[in-house]
Every structure is written in C-alpha cells, then in structure tokens.
Amino acid sequence: MTQPTIDAEVRRTLAAYCHTVDDGRFDDFEQLWAVDAIVEVLGELIEGRAAIRYWMEHAQPPERRGKHVTVNSEIDVTGADTASSVSDFLFFARGERGPRVTSSGRYLDDLVPLDGAWVFSRRRIVLDDV
C-alpha cells in the first residue's frame, strides 16, 4: 500500500472539518486542530483547540446544523512540516423548503503534521457579502 501524499492528507482534513461539524462529532472535530491553533472570523480570534471546539459547538447546535461544502482547494506544501490551503466554501442550512445557501466565502488555512495526521494551525474564514 502506498503512502498518501501530503496533498491528499490535507484534503482529508478539509473534508473531515465539514463532516465532523455537520454530524456533531465534536470530539473528532477537536482533533483536527493543533493545541495552539487559531481561528479568525469576523474580526474575532478564537485561540486554542478547546476554545475552537467550544465556539463551534455553540455556533452549530443540532437545530442549526446543515452541510458545509468545501471546493476549489489550492494546496501548497511549503515544507516537510507546513502546508497552506485556500478553499471556497458554501454552507447549506436546512429549511422547510429544503437546503439553502446561507453563507459562502473562503477558508485560508495553515496546516501542520501532528500524530500522523495534518491538522489546522490557523484558519481564517472570510465571508462573502451574501
């Protein structure tokens, strides 16, 4: 069996972000982050793996969960222990008439290897004007 490339591992992490949030698997979600990771969104900084989990759990309670879709990812492996990614995203909320896009934007990510996986060290979420 061949080893997955760093590019493939980063894509796996990008997908796991969507799946774990949408499924409410916050124990798994927390493991996608470096201990000292940072999320920047709407001028706010959320610092540390536990704080990021807390923020997401409260932003995505069961009644607000929908589907995150990440596309058009450009991944740059900048070294044996660093990678960056730029991806577009859409969020589909559940509604009476079916799913509808309620937010879109771009993820700007830095990732590092940790315990055999690539995890986020920093994520900047840039929302489109919707």
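1. A salt bridge joins the side chains of Asp7 and Arg11, at 2.9 Å from N to O. Both residues belong to helix H1 (residues 6–23), and because they are four residues apart there, about one helical turn separates them. Asp7 counts as partly exposed, at 28% relative accessibility. Arg11 is likewise partly exposed, its relative accessible area being 39%. Please bear in mind that this is a predicted model.

2. A second pair is Glu30 and Arg53, a salt bridge whose closest N and O atoms are 2.8 Å apart. Glu30 sits in helix H2 (residues 26–30) and Arg53 in helix H3 (residues 49–59), so this pair ties together parts that are 23 residues apart in sequence. Are these two residues buried or exposed? Glu30 has a relative accessible area of 17%, and because the cut-off for buried is under 20%, Glu30 counts as buried. Arg53, with a relative accessible area of 18%, is buried as well.

3. Since Arg106 lies in strand E5 (residues 100–114) and Asp88 in strand E4 (residues 82–93), the pair ties together parts that are 18 residues apart in sequence. Arg106 is partly exposed, at 39% relative accessibility.

4. The structure holds nine salt bridges.

5. As for the fold, the chain has three helices and six strands. Read from the N terminus, the order of elements is α-α-β-β-α-β-β-β-β. The radius of gyration is 15 Å, close to the 14 Å that the globule rule gives for 130 residues, so the chain is as compact as a globular protein of that length. Along the principal axes, the C-alpha trace spans about 45 × 30 × 30 Å.

6. How much of the chain counts as buried? The figure is 38% of the 130 residues. The accessible surface comes to about 7800 Å², and carbon and sulfur atoms account for 50% of that surface. Of the contacts between residues at least 6 apart in sequence, 49% join residues at least 24 apart.

7. Two backbone angles deserve a look. Most residues other than glycine have a negative phi. Asn72, however, has a positive phi, near 55°. Asn72 is placed in strand E3 (residues 67–79) and is exposed, with a relative accessible area of 56%.

8. The other case is Asp115, whose phi is also positive, near 50°. Where is Asp115 placed? Asp115 is in the loop between E5 and strand E6 (117–127). Asp115 is exposed, with a relative accessible area of 77%.

Technical notes:
Residues are numbered from 1 along each chain as its sequence is written. This is a predicted model: local features need pLDDT of at least 70, side-chain atom pairs count only at pLDDT 80 or more; totals for chains, interfaces and linings use all residues. Side-chain values use heavy atoms; hydrogens and water are left out. Helices (H or I, at least four residues) and strands (E, at least two) are DSSP runs, numbered from the N terminus. The radius of gyration is taken over C-alpha atoms; the globule rule is 2.2 Å times the number of residues to the power 0.38. Buried means under 20% relative accessible area, exposed over 50%, partly exposed in between (1.4 Å probe, protein chains only). Contact means heavy atoms within 4.5 Å. Accessible areas come from the Shrake-Rupley method with a 1.4 Å probe; for residues, only the protein chains shown count as cover. A salt bridge is a side-chain nitrogen of Lys or Arg within 4 Å of a carboxyl oxygen of Asp or Glu.
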